[in-house]
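Let's go through this one in questions and answers. Have the sequence and the model open while you read.

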Amino acid sequence: MIDTIIATRPAVRWQTAVVKDIITRTPRIKSFILLPSRPFKFVAGQHVDVRLTAPDGYRATRAYSIASAPEDSPQIELAIERLEDGEVSPYFHEVVEIGDSIEFRGPLGGHFIWSRIDGGPLLLIGGGSGLVPLMAIIRHRKIVAADVPIVLLLSARYWGDVLYRDELIALHERRDGFTLVLTVTREPPKRDGDYGRRVDTSMMAEVLRRVPGPPRHAFACGTNSFVNAAVDGAIAAGTPASIIRTERYGGV
Amino acid sequence: MATRGFIGRHQPSELMNRIPPGQHLVDDFPVLSAGPTPRIPLDQWMFTMKVGPEPVKTWNWAEFNALPKTKMTRDIHCVTTWSKLNTAWEGVLIDDILAQAGIDPPTDFVLAHSYGGYSTNLPIADVTRGLAMVALRYEGKPLEPDHGGPARLLVPHLYFWKSAKWVNGLQFTKRNEPGFWELRGYHIYGDPWREQRYTDD
C-alpha cells in the first residue's frame, strides 16, 4: 500500500455536468461523456460521486471512476455497467439522454491513482468494468508517459464483453511498451498469448514474465473474488504485497 | 434540484431512523480494501498497545482470546454508501483491553494499526464506554480474512473505514493524527449521520 499522498483536498462541492454523448461500449456498459460546469484537474484512477435526487428529495449517491485521461479535461468519461438490481446504473442506461444535467462532485480518491511521476513498469489487472480506472492510467500513459511499460491483464466473460477492446488492441499493436493480455472465461481465446479461463497463480506468473523487469506498481480492480485470485497469484509469483493497490466491488 | 426522471428506490419508512442520509441498504456484505488481503497465521498474530512510540503491552492470540468477550449487534455504514443492518459481532471491548493492561488512556486520541500497513485515527471517547471492540467473530463464526479476520476493529457508529481490518494494535497519540484514508481525503472523524465522508464535508 505504498503510494504518494496527494496534497490537494478532495473537491466536495457539488456541481453539475451536461451529458455531451452516450456511447454503447458493450452489451452491459455505456460511456457517458460529461462536460462539467466547473472544469477540474484530476489524477488517473480518481472517481466522482454522482447524486440523483427524486422529486420528494430522496437521494442516491454512487461513485464512478473516470475512464478518460486527465489530458482530455474539461470533459470526462464515465463508463457505467448496468447492474440488474441496481438503483443508479439502470437510471443511466435507461433514462439519461444527451443534454441532461447530472449532479456530481469530485475528483475524489487519493490512493488508487497513478501519474507519470510515479514511474513504472506497471502491472494492471482488471476484471470486467474494473478496467475503468485502469483505462484512465493507460490513456494518460499514452499521451504523456509512453516510455513507461505497462502490462494489462484484463478478464471478461465473453469476447463481446471486453470493454475498450478495439482501443486496447490498437494500443497493443503499437508495440511501444503497452501489452494487452486478455483472458476470456467463457470462450476460447482469440489472440496469441491470451487465456480462456479464470485468473489463477500460473497465469499471474506468466503475465509477470511479460513485464520488462519487476513492476514498480501494481493496480487491481474488479470483483472481490477476482481481485483476491489475481493478487494472491501475483504475490505467490513474487510480487511484493506492498506495491499492490486494489479497488474492489461486490460482497461475499 | 430533482434529477429528470429519477424516482429512486425508497427505503422502508420504519427503517428511516436507521439509515443515515445518502446510504442504501444491502443484504450481502461488500468487501473493500486498499491492498491485498493479509493472511495472518494465528500463531504469529500479535496485538500491541503503545503510548506514543513505546510498546506498553502485547498479547498473543491465546492471551487475547482469554480476555472477556462481549456480543454486539449493530448497523454498519460504509462511506461508499451501503449500509447493513443487524450485523452480529463478538469480541473484546476496548474498555476490557485497557482494563486488562491496567491503562487509563493517557491521551485523547488513538491510532489503530493493521497488518498490511493500514491505520485509522479515533478519539478515545469513541472507542471506550462500550462503543467499540476488537471483533473476533462475525455471525457466530471466526472472522474471515476478507472481512478483517482474524481480528478487526469495530466502531459501528462511525463510517466503516474506521473499523480497521486486520488490526494489530492501538497507539495512544497526543494529537489527532490522520490515518491512511484520513491522509487521502477522507474525513478526520467520519460520522455517517452528518455525512462526514470527505475532508471539508
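Q: Which residues are buried in helix α4 (residues 201-209) of chain A?
A: This is a predicted model, so what follows describes the prediction. A residue counts as buried once 20 or more other C-beta atoms lie within 10 Å of its own. In α4 of chain A, the ones that are buried are A:Met203, A:Met204 and A:Val207.

Q: Why do the buried residues of α4(A) line one face of the helix, and what arc do they fall within?
A: An α-helix has 3.6 residues a turn, so residues three or four places apart point the same way. Look down the axis of α4(A): its buried residues line one face because they fall within an arc of 100°.

Q: What covers the buried residues of α4(A)?
A: Part of the cover comes from strands and part from a helix of chain A. It includes β8 (150-156), β9 (178-184) and α5 (224-236).

Q: How many residues of β9(A) are buried?
A: β9(A) is joined to β8(A) by seven bridges, and the two run parallel. β9(A) is largely enclosed by the rest of the structure, because the buried part of this strand amounts to six of its seven residues.

Q: Which residues touch the most other members of the largest nonpolar core?
A: In soluble globular proteins, nonpolar side chains tend to be buried together. Here the largest nonpolar core has 116 residues, and those touching the most other members are A:Leu152 and A:Ala230.

Q: Which helix gives the most to this core?
A: The core draws at least three residues from each of domain 1 (15-108) and domain 2 (116-249) of chain A. Seven of its residues come from the element that gives the most, helix α2 (residues 131-144) of chain A.

Q: What distance separates the centres of domain 1 and domain 2 of chain A?
A: Chain A is divided into domain 1 (15-108) and domain 2 (116-249). Taken over C-alpha atoms, their centres are separated by 24 Å.

Q: Which elements give two or more residues to the side of domain 1 of chain A that touches domain 2?
A: The contact takes 15 residues from each of the two domains of chain A. On the domain 1 side, these are eight nonpolar, four polar and three charged residues. The elements giving two or more residues to that side are β1 (15-26) and β5 (76-81) of chain A.

Q: Is A:Gly45 buried or exposed?
A: A:Gly45 sits in the loop between β2 (29-36) and β3 (47-53) of chain A. With 27 other C-beta atoms within 10 Å, A:Gly45 is buried.

Q: How many other C-beta atoms lie within 10 Å of A:Phe112?
A: A:Phe112 is in the loop between β6 (101-108) and β7 (122-127) of chain A. Leaving aside neighbours within four places in sequence, A:Phe112 is in contact with A:Gly45, A:Pro133, A:Phe219, A:Arg245 and A:Glu247. A:Phe112 is buried, and its count of other C-beta atoms within 10 Å is 23.

Q: How many residues of chain A are in contact with chain B?
A: Chain B brings 35 residues to this contact. They divide into 13 nonpolar, 15 polar and seven charged. On the chain A side, the number of residues is 36.

Technical notes
Residues are numbered from 1 along each chain as its sequence is written. Chains are lettered from A and ligands numbered from 1 in the order in which they are written. This is a predicted model: local features need pLDDT of at least 70, side-chain atom pairs count only at pLDDT 80 or more; totals for chains, interfaces and linings use all residues. A residue is buried if 20 or more other C-beta atoms lie within 10 Å of its own, exposed if 12 or fewer, and partly exposed in between; C-beta atoms are placed from the backbone. Helices (H or I, at least four residues) and strands (E, at least two) are DSSP runs, numbered from the N terminus. The arc is that of the directions from the helix axis to the C-beta atoms. Two residues are in contact if their C-beta atoms, placed from the backbone, lie within 7 Å. Domain bounds come from an automatic or database domain assignment. Ala, Val, Leu, Ile, Met, Phe, Trp, Tyr, Cys and Pro count as nonpolar, Asp, Glu, Lys and Arg as charged, and the others, Gly among them, as polar. A nonpolar core is a set of buried Ala, Val, Leu, Ile, Met, Phe, Trp, Tyr and Cys residues joined through C-beta atoms within 7 Å. Two strands pair if DSSP finds at least two bridges between them.
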